[in-house]
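Let us read a model feature by feature.

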Amino acid sequence: FALKLIQQEKVAVVPGNVFGAGGEGFVRCCYATEISLLKEALARIARFVKNERL
């Protein structure tokens, strides 16, 4: 998921499992940036999830 997301939509997330077994199936995001950039990233993630066969 994380690899395809950055390749297709240029949005970086970290697979949750790199933080331990409890993170399996999740992603981690950094949101320490401008709200306009966060909104754009969320729009790209939504588009990716809508169009991608997960």
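Q: Is Phe1 buried, partly exposed or exposed, and why?
A: Buried means under 20% relative accessible area, exposed over 50%, and partly exposed in between, with a 1.4 Å probe and protein chains only. Phe1 counts as partly exposed because its relative accessibility is 40%.

Q: What kind of model is this, and how are residues numbered?
A: This is a predicted model, in which local features need pLDDT of at least 70 and side-chain atom pairs count only at pLDDT 80 or more, while totals for chains, interfaces and linings use all residues. Residues are numbered from 1 along each chain as its sequence is written, and side-chain values use heavy atoms, with hydrogens and water left out.

Q: How many helices and strands are there, and in what order do the elements run?
A: Helices (H or I, at least four residues) and strands (E, at least two) are DSSP runs, numbered from the N terminus. The protein has two helices and two strands. The order from the N terminus is α-β-β-α. The C-alpha trace spans about 30 × 30 × 15 Å along its principal axes. Of the 54 residues, 19% are buried.

Q: Which share of the contacts between residues at least 6 apart joins residues at least 24 apart?
A: Contact means heavy atoms within 4.5 Å. Among contacts between residues at least 6 apart in sequence, 42% join residues at least 24 apart.

Q: How is an aromatic pair read, and how many are there by this rule?
A: A pair of aromatic rings is described by the distance of the centres and the angle of the planes. Rings of Phe, Tyr and Trp (its six-membered ring) pair if their centres lie within 6.5 Å; planes under 30 degrees apart count as stacked, over 60 as edge-to-face and the rest as tilted. The count here is one aromatic pair. Phe1 and Phe48 form it, edge-to-face, at 5.3 Å centre to centre with 80° between the planes. The pair links distant parts of the chain, 47 residues apart: Phe1 is in the segment before α1 (2-9), and Phe48 is in helix α2 (residues 35-51).

Q: Is Phe48 buried or exposed, and why?
A: Phe48 counts as buried because its relative accessibility is 2%.

Q: Where is Glu9, and what does Glu9 contact?
A: Glu9 is found in helix α1. Glu9 is buried because its relative accessible area is 11%. Leaving aside neighbours within four places in sequence, Glu9 is in contact with Lys4, Arg44, Arg47 and Phe48.

Q: What is found on the Arg44 side of that contact?
A: Arg44 is found in helix α2. With a relative accessible area of 26%, Arg44 is partly exposed. Beyond its neighbours within four places in sequence, Arg44 is in contact with Glu9, Lys10 and Val11. The C-alpha atoms of Arg44 and Gln8 are separated by 9.2 Å, although the two are 36 residues apart along the chain.

Q: What stands out in the phi of Lys10?
A: Most residues other than glycine have a negative phi, and most peptide bonds are trans. Lys10 has a positive phi of about 60° although it is not a glycine. Lys10 lies in the loop between α1 and β1 (14-15). Lys10 counts as exposed because its relative accessibility is 60%.

Q: Which residue lies over the face of Phe19?
A: A charge sits over a ring if NZ of Lys or CZ of Arg is within 6 Å of the ring centre and within 35 degrees of the ring normal. Arg28 lies over the face of Phe19, at 4.2 Å from the ring centre.

Q: Where is Val27, and what does Val27 touch?
A: Val27 is in strand β2 (residues 27-28). Val27 is partly exposed, with a relative accessible area of 36%. Not counting residues up to four places away in sequence, Val27 touches Phe1, Val13, Val14 and Gly16.

Q: Where does Asn17 lie, and what is Asn17 in contact with?
A: Asn17 lies in the loop between β1 and β2. Leaving aside neighbours within four places in sequence, Asn17 is in contact with Gly23 and Glu24. The C-alpha atoms of Asn17 and Val27 are separated by 8.0 Å.
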